[in-house]
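Biologist: I would like to go through this model and ask what each label rests on. Please show it.

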Amino acid sequence: MDASSPLTFAVIGFIVGLIIGAVVYRLFSKSQREAASMRQKLLEREHQIAEMKSSVGSHLTGIYQRLSNIRDEANQLELQLKEDAAEWDIRDAAIQPSLDLSGIDPAREQQTATDVPPPATPRDYADGKGGTLSEDFGLKGNEAATPQPPRY
């Protein structure tokens, strides 16, 4: 066989074509594998995001339910407070300015306050505004009543 024969060129061309085809296939198949891997990662991330959204949604629903329960309990406590204030005839706006005590009769409260006399001063305290013990408490009356023996 001659080196310049067409059959030799055809065999060499076929071998070079196989080598080039294998190299191109390897390059393209690698990029396709990477693309498929990236698509798989993207699908996994989208699934994770969807799960996170659903868990955040259920978490927010739980928080809303707890907040609603707290509001209901606060309303019940305010109603109980109003009932207790009405029962005890308390109409002091300084205690709670936002508390609505419109159901309480103010005339009845003033009547009960004026009917009760103020408490008396305890016997071991001095009369007056000071409220401290008197220095001569019980000494004046006892000196005159009991005679003292003579001193030698």
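Biologist: Which elements of the protein have the lowest and the highest mean pLDDT?

Modeller: This is a predicted model, and helix H2 (residues 106–115) has the lowest mean pLDDT among the elements, 54, whereas H1 has the highest, 91. For the protein the mean pLDDT is 77, and 61% of the residues reach 70 or more. Where pLDDT is low, the predicted coordinates should not be read in detail.

Biologist: What makes up the pattern along the sequence?

Modeller: Read along the sequence, the pattern is α-α-α. The protein has 3 helices and 0 strands.

Biologist: How many of the contacts in the protein with a separation of 6 or more come from residues 24 or more positions apart?

Modeller: Such residues account for 0% of those contacts. Of the 152 residues, 5% count as buried. The accessible surface comes to about 14100 Å², and 61% of that belongs to carbon and sulfur atoms.

Biologist: Why is Ser5 called buried?

Modeller: Buried requires a relative accessible area under 20%. Ser5 has 15% relative accessibility, so Ser5 counts as buried. Ser5 lies in the segment before H1, and its side chain makes a polar contact with the side chain of Thr8 at 2.9 Å. The limit for a polar contact is 3.5 Å.

Biologist: Why does Leu27 count as exposed?

Modeller: The cut-off for exposed is over 50%. Leu27 has 58% relative accessibility and therefore counts as exposed. Leu27 lies in helix H1, which covers residues 6–88.

Biologist: What makes the pair Lys82 and Glu78 a salt bridge?

Modeller: A salt bridge needs a side-chain nitrogen of Lys or Arg within 4 Å of a carboxyl oxygen of Asp or Glu. The side chains of Lys82 and Glu78 meet at 4.0 Å, N to O, so the pair falls within the definition. A search of the whole structure finds 1 salt bridge.

Biologist: How do you know that Lys82 and Glu78 are separated by about one helical turn?

Modeller: Lys82 and Glu78 are 4 residues apart in helix H1, which means a separation of about one helical turn.

Definitions and conventions. Residues are numbered from 1 along each chain as its sequence is written. This is a predicted model: local features need pLDDT of at least 70, side-chain atom pairs count only at pLDDT 80 or more; totals for chains, interfaces and linings use all residues. Side-chain values use heavy atoms; hydrogens and water are left out. Helices (H or I, at least four residues) and strands (E, at least two) are DSSP runs, numbered from the N terminus. Buried means under 20% relative accessible area, exposed over 50%, partly exposed in between (1.4 Å probe, protein chains only). Contact means heavy atoms within 4.5 Å. Accessible areas come from the Shrake-Rupley method with a 1.4 Å probe; for residues, only the protein chains shown count as cover. pLDDT is the predictor's confidence in each residue, from 0 to 100. A polar contact is a pair of N or O atoms within 3.5 Å; within protein, one must be able to donate a hydrogen and the other to accept it, and residues adjacent in sequence count only if both atoms are side-chain atoms.
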